[in-house]
Amino acid sequence: MAAMMAAAPAPSVAARPGAPNIVYVFADQMRFCDMGCAGNEYIRTPHLDRLASQGAQLTNAFTGAPLCSPYRAQLLTGKYSHKNGVATNDVHMPEDQDSIARVLAREGYATGYIGKWHLDGGRREPEGTPRNNGYVPTGGARQGFGFWAAHECSHDYFHTHYFRDAPKPIPIGTYEPDVQTDIAIEYLRQNRDRPFALFMSWGPPHNPYQPPERYRTYDPARIPLRPNVPREFQDEARRNLAFYYGLITSLDDNIGRITKALDELGLAGNTILCFSSDHGDMHRSHGHILKQKPWEESAHIPFLVRYPGHIEAGRKSEVLFNSVDVMPTLLGLCGAKPPSGMQGTDLSRVLTGQETRGPESVYLALSLDGPLPRGAGGRWRAVRTRDWLYAQQRGRDWLLYNLKSDPYQMKNLAGERAAAPEKQRLNRMLQDWFTRTGDTPWS
């Protein structure tokens, strides 16, 4: 299938000499803690662990909006959801704004996108089929990406399809991430003589937790759980995690294929390779499932970045890093001119060791109507520092955790008198984020 891929159109201008390539790979619904390099001794992720040893692991990376479409819009625009027009799933991302693909195309880059898109909008039918059967029309809806092998939204990992530049589906008759990786490797081969930026979005380990048979090797009874999983949910959590881990290990093998291809093509030395996720998965921590919440399991995401000769190998950085920071940071690493209107922070000099100080906090937000399970209502705002999480729900105190003494967020201090000074400090910080970003969440 990859061998039939037509060459992507050449950019209209030449990139500056020595401009680095970008390969940005992100999973869907993968927690920060589910890699060996993140301290999980049970899961098998040798290729991700090797990538971490060759570059930097950002141990305080977060999604500014722990939901599929809002994260993707933040990734592509460097702007918060209330500014980029995508505050929930299944809405069309406005086309009248700069995306990272448009900026890099102006810099002479070839741009490509593979996998799940989830930014074209349209109400999905009950069976989960987006409008146009998943075809995203050419032009502005693709937000500046030239090469295209994608689907609006599907999590059927064995019987799905993707589209190129015509609304005729191209069936995938096997495990979807394997085929997407085939296409990515072919893209690298065809574009190795010019700067490129390739973004690839894998569907796993998002539910349904259905790995290929060869990855169904984890024993639920042996899987350690996070201490914040209530007893009544522990059997369920272990069953799901066994398959969830299998999905992650399958992605790890494909990361290995990508790094091998970069090596064999002579591209590794001048390529910024990133691995991350759009949000996490609660897996019954605090009794909850899936995402949409400010707790660690939902909002704290993996982030690995390798750029040989520029980012120190094996480094663990505690810099606070948000999804809106990805675009300005990548542009900074590329020496590309940033567009106006971005709200994220360029942390490229922190990653390369030229600066040591990063943001004091990150801003997390979600705006959904109606209640979610166990009171985790849809409209909340939060501020996360290295040591604290403070969240409001509809303008009222909701969560307050001291992460230094309570890393699993098991004691909510929001109503504790002794924690009032810290809560007031964090509330002022949150109000400052409202002002800085132009957010009016409770109006």
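Colleague: Does glutamate 264 count as buried or exposed?

Modeller: The general idea is a relative accessible area, computed with a 1.4 Å probe on protein chains only, for which buried means under 20%, exposed means over 50%, and partly exposed is in between. Glutamate 264 has a relative accessibility of 59%, and therefore it counts as exposed. Please keep in mind that this is a predicted model, in which local features need pLDDT of at least 70 and side-chain atom pairs count only at pLDDT 80 or more, while totals for chains, interfaces and linings use all residues. Residues are numbered from 1 along each chain as its sequence is written, and side-chain values use heavy atoms, with hydrogens and water left out.

Colleague: With which residue does glutamate 264 form a salt bridge?

Modeller: A salt bridge is a side-chain nitrogen of Lys or Arg within 4 Å of a carboxyl oxygen of Asp or Glu. The partner of glutamate 264 is lysine 260, with the closest N and O atoms 4.0 Å apart. Because the two are four residues apart in helix H6 (residues 234–264), about one helical turn separates glutamate 264 from lysine 260; helices (H or I, at least four residues) and strands (E, at least two) are DSSP runs numbered from the N terminus.

Colleague: How many salt bridges are found in the whole structure?

Modeller: The search finds 23 of them. In one, the side chains of lysine 404 and aspartate 387 meet at 3.6 Å, N to O. Lysine 404 lies in the loop between strand E14 (396–402) and helix H10 (420–437), and aspartate 387 in the loop between strand E12 (379–384) and strand E13 (388–393), so this pair ties together parts 17 residues apart in sequence. Lysine 404 is exposed at 65% relative accessibility, whereas aspartate 387, at 29%, is partly exposed. In another salt bridge, arginine 31 and aspartate 34 bring their closest N and O atoms to 2.8 Å, and both of these residues are buried. There is also a network of salt bridges that links Asp28, Arg72, Lys116 and Asp278.

Colleague: Which residues line the largest cavity?

Modeller: On a 1 Å grid over the protein atoms alone, a cavity is a set of points where a 1.4 Å probe fits but cannot get out, a pocket is an open set with protein on both sides within 12 Å along at least five of seven lines, and lining residues have an atom within 4 Å of a point. Grid points are joined across faces, edges and corners, and a volume is the space filled by probe spheres set on the points. The search finds one cavity of 30 Å³ or more, and the largest cavity holds about 50 Å³. Its lining consists of Gly115, Lys116, His151, Cys153, Ser154, Glu176, Gln180, Ser201, Trp202 and Gly203. Strand E3 (110–116), helix H5 (176–190) and strand E7 (196–205) each give two or more residues to that lining, and E7 gives the most, with three.

Colleague: Which residues are closest to the centre of the largest pocket?

Modeller: The largest pocket has about 440 Å³ of space. Among its 22 lining residues, Phe32, Thr59, Asn60, Glu296 and His300 are the closest to its centre. Strand E2 contributes the largest share of the lining, four residues. By class, the lining has twelve nonpolar, four polar and six charged residues, where Ala, Val, Leu, Ile, Met, Phe, Trp, Tyr, Cys and Pro count as nonpolar, Asp, Glu, Lys and Arg as charged, and the others, Gly among them, as polar.

Colleague: Where is asparagine 60 placed?

Modeller: Asparagine 60 is in strand E2 (residues 56–62), and its 9% relative accessibility is why it counts as buried. Contact means heavy atoms within 4.5 Å; beyond the neighbours within four places in sequence, asparagine 60 touches residues including His300, Glu318 and Arg384. A polar side-chain atom of asparagine 60 is 2.8 Å from the backbone oxygen of glutamate 318.

Colleague: Does arginine 142 count as buried or exposed?

Modeller: Arginine 142 counts as buried because its relative accessibility is 2%, and its place is in the loop between E3 and strand E4 (147–151). A polar contact is a pair of N or O atoms within 3.5 Å; within protein, one must be able to donate a hydrogen and the other to accept it, and residues adjacent in sequence count only if both atoms are side-chain atoms. Such a contact, of 2.6 Å, joins the side chains of arginine 142 and aspartate 165, while the backbone oxygen of arginine 164 lies 2.7 Å from a polar side-chain atom of arginine 142.
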